Amino acid sequence: MNFTVLTIFPEVIDSYVNCGILKRSIGHGLFSVNAVNIRDYTLDKHGKVDDYPFGGGAGMLLQAEPIYRAYEAVVEKMQNKNPRVVYLTPQGKQLSQEMAKEFAKEEELILLCGHYEGIDERVLEEIVTDEVTIGDYVLTGGELPALVLMDAIVRFIPGVLHNAASAQDESLSDGLLEYPQYTRPEVWRGKAAPEILLSGHHAKVNEWRKEQALIRTRQKRPDLYFDYLRGR
Ligand code: ADE
């Protein structure tokens, strides 16, 4: 899978994907991330990519042309001439685990990061296929949301997580929160890890974990708990 991120801060994208699991997975060729600087595609001799909104109002808008030229340049090099283009915006559809799994089926994905007060609507109409929000709050730019989306997607790419089971096992994959986990030492500052986990009895451990997941979800996320009950 190839991600292309259209942004005025490519270094933000590069620095995040250059750590940990993402760095390793990219090194193993499981996916690629190409952060493209929109500024490289402006025709303005001072490198300007923004301007005042027609009709007045606060702030600046990213102009259509540099974004469109950046888009054309990246699509030019792709086999698929109609890749999905995801615009990160508070007006989008709320990101979910389900949505991330769907996006993971794509071979190419272009993520468009807005800034300032937004983007000239005309280029959005031309190129955007999907709008996604990471939650009901407003950030200064689309880079963090793009990284959040990408991170959630790549966890579904086989090989990114060490253990094939982990993407399935964890929180939310079955609609429940994850059970509590413990590691060495067995007793930490007087607090013992649950004995059942040290018993070596796999069936009992699984039963305990399921029960804990249910208890936790009911306590912390009653909304998810009732969805879970309804879905059974
Ligand atoms: N851009 C600014 N805020 C955002 C949000 N909450 N989700 C996606 N994109 C955004």
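The legends below describe close-up views of a predicted model. Residues are numbered from 1 along each chain as its sequence is written, and side-chain values use heavy atoms, with hydrogens and water left out. Because the model is predicted, local features need pLDDT of at least 70 and side-chain atom pairs count only at pLDDT 80 or more, whereas totals for chains, interfaces and linings use all residues.

**View 1. An open sheet of five strands with parallel pairing.** The strand order is β2-β1-β6-β5-β7, where strands (E, at least two residues) and helices (H or I, at least four) are DSSP runs numbered from the N terminus, and two strands pair if DSSP finds at least two bridges between them. The edge strands, each pairing on one side only, are β2 (32-37) and β7 (130-133). From one strand to the next the twist averages 30 degrees. Strand β1 (residues 2-7) runs parallel to strand β6 (residues 108-113) and is joined to it by five bridges, with Leu-6 standing opposite Leu-112 in β6.

**View 2. Helix α3 on the sheet.** Helix α3 (residues 64-76) lies across β1, β2, β5 (84-94) and β6, and runs at about 160 degrees to β1; axes are lines fitted to C-alpha atoms, for helices over the stretch in contact (heavy atoms within 4.5 Å), and angles run from 0 to 180 degrees between N-to-C directions.

**View 3. The contact of helices α8 and α9.** The axes of α8 (residues 202-220) and α9 (residues 222-231) come within 5 Å and cross at roughly 125 degrees. That makes α8 oblique to α9, since angles under 35 degrees count as roughly parallel, over 145 as roughly antiparallel, 65 to 115 as roughly perpendicular and the rest as oblique. Residues of α8 including Leu-214 and Arg-218 meet residues of α9, among them Tyr-225 and Tyr-228.

**View 4. Surroundings of the ligand.** Residues around the ligand (a heavy atom within 4 Å) include Leu-88, Pro-90, Val-132, Ile-134 and Pro-145. An N or O atom in the side chain of Thr-133 is 3.2 Å from a nitrogen atom of the ligand.

**View 5. Backbone geometry at Pro-185 and Arg-189.** Most residues other than glycine have a negative phi, and most peptide bonds are trans. The peptide bond from Arg-184 to Pro-185 is cis, with omega near 5 degrees, and Pro-185 is placed in the loop between α7 (166-169) and β8 (187-188). Arg-189, in the loop between β8 and β9 (191-192), has a positive phi near 45 degrees.

Methods. Polar contact = N/O pair within 3.5 Å; in protein donor to acceptor, adjacent residues only side chain to side chain.
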